[in-house]
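Hi there,

Here is the structure I promised to pass on to you. Have a look at it first, and then read my notes below.

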Amino acid sequence: MLLDVQELSVHYGRTQAVQRMSLNIEAGEIVTVLGANGAGKSSLLKALQGMVKPAGGQVQFKGHSILGHSAARRVSEGLVLVPEGRQIFVSLSVHDNLLMGAYTRKDNPEREIEAIYERFPNLAQRRDMPASVLSGGEQQMLAIGRALLSRPSLMMLDEPSLGLSPLLVKALFQLITELNRDGLSILLVEQNTHMALATAHRAYVLELGRLVLQGQASSLASDPRMTQAYLGA
Ligand SMILES: Nc1ncnc2c1ncn2[C@@H]1O[C@H](COP(=O)(O)OP(=O)(O)OP(=O)(O)O)[C@@H](O)[C@H]1O
Ligand SMILES: [Mg+2]
């Protein structure tokens, strides 16, 4: 088991954003967490990355509890988050943004940065430009490229398709599949239920901080409870 989350709760004052959520990921899986606005998806990811302190529960990564570890330590252990809204540094160049992704490493990342440029030619062409010139899709590529530079075992993506055109959404999900084939495990938070279920192996559905459904992505895609709540039928 790569990630094992037991009964995780996240509270903000009286708001119980995540309530006793349990979830696991095997190495090699794409797992998606679905849910409406405010369901607690980002809070779950922030707690896993170490950006918010859970009110309760256990998180084991590669067989060890990581709850006491800082966010930076979790990154160096192989757990990286591509946050909602990408959070790239718009005043820094594309290249410097990528360098930031390697901050937990001691070796020289230049060769891997070249590999990122090969994967994302749009970034290569703009390597010396400020990241503010990038389109939404290119910013998402930059955020993913930056996360890859930490050499993760598990990449968590928070609504990566938000604001992208249908064509770019397709390319993004293709990229997620390719990264997974190359050996990366993925925890994908999405509101694009159709694409997420078509791409993931398994899915969890959150409603108001609680887990309400879980199962194989293919069976949830035709589950009548999903159809009503999330598939717009
Ligand atoms: N820093 C915070 N302080 C107080 N309440 C918060 C904070 N962050 C989130 N919340 C609340 O916690 C609940 C879950 O929010 P969260 O951002 O985790 O949901 P989400 O599923 O990611 O939603 P969205 O799809 O809109 O991104 C919401 O009711 C939200 O208002
Ligand atoms: Mg969110």
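**What I found**

E84 is partly exposed, with 34% relative accessible area; that class runs between buried (under 20%) and exposed (over 50%), using a 1.4 Å probe and protein chains only. Before going on, please note that this is a predicted model, where local features need pLDDT of at least 70, side-chain atom pairs count only at pLDDT 80 or more, and totals for chains, interfaces and linings use all residues. Residues are numbered from 1 along each chain as its sequence is written, chains are lettered from A and ligands numbered from 1 in the order in which they are written, and side-chain values use heavy atoms, with hydrogens and water left out.

S42 belongs to helix 1 (residues 41-49), while E84 sits in the loop between strand 6 (79-82) and helix 3 (94-100), so the pair ties together parts that are 42 residues apart in sequence. Helices (H or I, at least four residues) and strands (E, at least two) are DSSP runs, numbered from the N terminus.

**The cores**

In soluble globular proteins, nonpolar side chains tend to be buried together. In this model, the largest nonpolar core has 43 residues, and L142, I144 and M155 are among those with the most contacts inside it. Such a core is a set of buried Ala, Val, Leu, Ile, Met, Phe, Trp, Tyr and Cys residues joined through side-chain atoms within 4.5 Å. Helix 7 (residues 166-181) gives the most to this core, namely six residues. Leaving aside residues up to four places away in sequence, L142 touches I88, V94, N97, L98, L123, A131 and L134; contact means heavy atoms within 4.5 Å. A second, separate core has 29 residues, including A17, L45, M156 and L206.

**The pockets**

To find pockets, a 1 Å grid is laid over the protein atoms alone: a pocket is an open set of points where a 1.4 Å probe fits, with protein on both sides within 12 Å along at least five of seven lines, and lining residues have an atom within 4 Å of a point. The largest pocket has a volume of about 420 Å³, a volume being the space filled by probe spheres set on the points, which are joined across faces, edges and corners. Its lining has 17 residues, and V80, L81, P83, Y103 and R146 lie nearest the centre. By class, 12 of the lining residues are nonpolar, four polar and one charged. (Ala, Val, Leu, Ile, Met, Phe, Trp, Tyr, Cys and Pro count as nonpolar, Asp, Glu, Lys and Arg as charged, and the others, Gly among them, as polar.)

The second largest pocket has a volume of about 280 Å³. Helix 4 (residues 110-119) gives the most to its lining, with four residues.

Happy exploring!
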